[in-house]
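This briefing goes through the structure shown below, topic by topic. Please keep the sequence and the 3D view at hand while reading.

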Amino acid sequence: MQRSFIDRLYFGVVGTLTSFGMLLLLAPTLVVLVISFTDGITLKFPPPSWSLRWYVELLQSQEIIAPALTSLKVAAAATILSAVLGGAAALGLARSRLKIARALDALFMSPMVLPAMAFGLSLLLVFNLLGIRLSAATLVLGHTIICVPFVIRMVGASVQQLNPVLITCSLSLGASHWYTFRRITLPLIRRGIVASCFVAFLTSFDNVPVSLFLADARTEVLPIKLWAILEGSLDVRVAAVSGVIVLLTLAGLVCAEIFGGVSRQIGSR
Amino acid sequence: MVPAGTNASRQLLPVIPLAVLFLAAFVLPLAALVLVSLFRDPQFSGLSLVQYLRFISDPFSLKVLSDTLWLGAEVALAALVLAYPLALVYVASGPFMRTLITFLIMLPLLTSTVVRTFAWIVILGRDGIINSAMLSLGLWQAPARLLYTWEGMVLALTQIQLPLMALPVINSLLRLDGNLTRAAEGLGASRARIFLTVILPLTLPGAIAGWLLVFAAAATAFITQTLVGGGRIILMPSYIYQQAVGVQDWPFSAALSLIFTLAVTGIVFAVGALSRRYLRGVDAA
């Protein structure tokens with residue numbers, strides 16, 4: 001009697017907290033989508049009536065579209081740079097037992113541990129000390145460093161799973177290193193590369209701490225612009241932007257899932 | 001790719017471009033950060049430790065640091081309380097529920113930080129969901145101030161960082177030997193007792209790993225801190241930003257960043273090392 005009461009209490013507590021946790025995870029995304037279709041001029045929830053007016057307004061807001069395009073370009077450049085340089089490094093590091101390889105691996109992972117604000121500020125300081133003007137290029141440089149750890153981990157994990165015998169076979173059958181890389185290594189680590197590109201793109205597109213210090217009037221990026229808007233007023237256009245971002249991310253996730261099984265890669269990170 | 005055994009250092013050739021990039025754009029800037037923090041004033045006249053003394057002797061700065069670390073600890077604890085039930089249900093359920101929970105956990109991870117923070121502005125605002133629900137149910141007479149409060153900020157950050165906690169806790173629960181809980185059950189232990197004496201101790205490494213991830217993420221979450229916490233709650237990230245960009249006091253902001261970095265990474269390493277020392281024998285997460 002006593003025991004079953006305690007058990008019921010336990011299931012009650014676990015069940016309640018789980019439902020609350022699941023609701024908490026889901027609610028914000030739903031709320032953003034719902035409020036973006038409001039007809040009102042405030043963030044009143046539930047919306048008094050429905051319309052697409054904020055999406056229409058968004059299409060006419062050059063001051064939001066321009067930072068969004070900058071963000072997309074910067075994220076694309078940082079993704080390509082970090083995937084190529086980080087992918088090459090991951091291939092080199094994965095099988096090496098040298099001490100220096102361990103040290104380099106730790107170095108490449110450290111942007112993840114370091115508070116990014118400190119890194120953003122340090123880049124601003126060094127560019128100023130060296131007299132380098134801030135531009136889209138300096139922004140891409142900072143974002144690339146932030147994205148590299150994801151590439152190193154995910155591509156590294158794929159390389160670890162690759163059976164080295166396959167490469168030895170290919171080479172001993174007379175294939176060149178380049179041919180072996182193209183036809184054996186690359187297809188086998190494709191999932192890791194796709195997943196890390198996806199995560200790197202989102203990381204750069206969403207980055208605030210580095211952009212905060214490195215973006216100026218000419219290279220304004222979307223998250224900083226949205227932050228500035230929200231600090232000043234509670235503009236409903238931000239809801240429309242958020243709606244677009246959520247839908248594009250979901251579409252991107254579906255694509256990445258088809259080409260690379262991203263959820264499994266992220267889950268096992 | 002070089003076949004194993006030929007030349008171990010030739011294998012490292014593809015690493016060189018990234019290593020050069022990191023030297024130029026990571027190691028060099030951090031060295032500059034340290035150097036700048038040692039300047040006496042914003043005009044860079046002479047080296048001294050005056051910026052650090054200024055921090056230690058200033059009660060306001062010390063309070064900002066301790067508030068920030070406390071925020072991280074509180075959010076990580078709240079996320080831990082929510083993550084365990086979620087993980088227990090995940091482990092006990094079938095494929096459909098598992099996929100659903102995985103999707104729910106991934107959803108916030110993939111949504112932009114500004115979007116997630118914006119959602120909390122809608123939820124906590126004066127005309128927001130909580131206020132309109134409470135008013136229409138007649139539970140509250142007037143809208144309560146939820147946005148720009150400490151509690152609102154903790155709630156928002158808990159949701160935003162919950163995935164970082166849930167993933168390691170689920171992973172260590174999945175690795176737990178099911179025979180142990182079945183043995184405890186067979187010996188007549190209640191569910192709550194099994195959780196406290198078997199499951200919790202054995203999955204503690206995963207919980208600590210998650211706690212540290214959430215702690216560091218919440219303490220450094222500039223956007224959520226400034227937008228949900230508001231201008232009156234000053235925490236280290238906004239303090240650094242204000243000193244660097246607003247006041248343009250680079251030596252002091254550099255010292256602030258280094259102190260903050262050392263405090264956060266110091267806690268992460270210390271807790272990690274302590275847990276490895278005292279939890280030896282428990283399966284590492």
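In this predicted model, helix α1 of chain B has 22 residues, which at 1.5 Å a residue should span 32 Å. The end C-alpha atoms of α1(B) lie 30 Å apart, in agreement with that expectation.

**Helix α1 of chain B**

- The helix covers residues 16-37 of chain B.
- A bend of about 40° occurs in α1(B) at B:L23.
- Ten positions need attention when the burial of this helix is examined: B:L18, B:L21, B:F22, B:F26, B:P29, B:L30, B:A32, B:L33, B:V36 and B:S37 are its buried residues.
- An α-helix has 3.6 residues a turn, so residues three or four places apart point the same way.
- The cover over the buried residues of α1(B) includes α3, α4, α5 and α6 of chain A. From chain B itself, α2 (50-56) and α12 (250-278) are among the covering elements.

**The contact between the chains**

- Chain A contributes 80 residues to the contact, and chain B contributes 76.
- On the side of chain B that touches chain A, helix α1(B) supplies the largest share, with 13 residues.
- By class, this side of chain B consists of 56 nonpolar, 17 polar and three charged residues.
- For the complex, the predictor gives an ipTM of 0.86 and a pTM of 0.88.

**Two residues that touch the other chain**

- Where in chain A is A:L114 found? A:L114 sits in the loop between α4 (99-113) and α5 (116-129).
- A:L114 counts as buried because it has 20 C-beta neighbours inside 10 Å, and 20 is the number at which a residue is called buried.
- Apart from residues up to four places away in sequence, A:L114 touches A:F119 and B:T261.
- B:A192 belongs to helix α9 of chain B, which runs over residues 191-219.
- Is B:A192 buried or partly exposed? It is partly exposed, because 16 other C-beta atoms lie within 10 Å.
- With neighbours within four places in sequence left aside, B:A192 is in contact with A:I6 and A:Y10.
- Within its own chain, B:A192 is 64 residues along from B:L256, and the C-alpha atoms of the two are separated by 45 Å.

**Helix α6 of chain A**

- Helix α6(A) comprises residues 136-161, and its 26 residues should span 38 Å at 1.5 Å a residue. Its end C-alpha atoms are 37 Å apart, which agrees.
- A kink of about 35° is present in α6(A) at A:C147, shortly before the proline A:P149.
- Most of α6(A) is covered, since 21 of its 26 residues are buried.

**Each chain as a whole**

- Chain B contains twelve helices and zero strands. The radius of gyration of chain B is 24 Å, well over the 19 Å that the globule rule gives for 285 residues, so chain B is more spread out than a compact globule.
- Taken along the principal axes, the C-alpha atoms of chain B fill a box of roughly 75 × 75 × 35 Å.
- In chain B, 45% of the 285 residues count as buried. Of the contacts in chain B between residues at least 6 apart in sequence, 75% join residues at least 24 apart.
- Chain A contains 13 helices and zero strands. Its radius of gyration is 23 Å, well over the 18 Å from the globule rule for 269 residues, so chain A is also more spread out than a compact globule.
- The corresponding box for the C-alpha atoms of chain A, along the principal axes, is roughly 75 × 70 × 35 Å.
- In chain A, 46% of the 269 residues count as buried. Residues 24 or more positions apart make up 76% of the contacts in chain A with a separation of 6 or more.

**Confidence of the prediction**

- Chain B has an average pLDDT of 89, and 95% of its residues score at least 70. Residues 1-5 of chain B have a pLDDT below 50, yet this stretch has 14 contacts in the model beyond near neighbours in sequence.
- Chain A has a mean pLDDT of 88, with 95% of its residues reaching 70 or more.
- Which element of chain A has the lowest mean pLDDT? It is helix α13 (residues 262-267), with a mean of 56, whereas helix α3 (residues 62-94) has the highest, 94.
- Where pLDDT is low, the predicted coordinates should not be read in detail.

Terms used: Residues are numbered from 1 along each chain as its sequence is written. Chains are lettered from A and ligands numbered from 1 in the order in which they are written. This is a predicted model: local features need pLDDT of at least 70, side-chain atom pairs count only at pLDDT 80 or more; totals for chains, interfaces and linings use all residues. Helices (H or I, at least four residues) and strands (E, at least two) are DSSP runs, numbered from the N terminus. A residue is buried if 20 or more other C-beta atoms lie within 10 Å of its own, exposed if 12 or fewer, and partly exposed in between; C-beta atoms are placed from the backbone. Two residues are in contact if their C-beta atoms, placed from the backbone, lie within 7 Å. The expected span of a helix is 1.5 Å times one less than its number of residues. The bend at a residue is the angle between axes fitted to the seven residues ending there and the seven starting there. pLDDT is the predictor's confidence in each residue, from 0 to 100. Ala, Val, Leu, Ile, Met, Phe, Trp, Tyr, Cys and Pro count as nonpolar, Asp, Glu, Lys and Arg as charged, and the others, Gly among them, as polar. The radius of gyration is taken over C-alpha atoms; the globule rule is 2.2 Å times the number of residues to the power 0.38.
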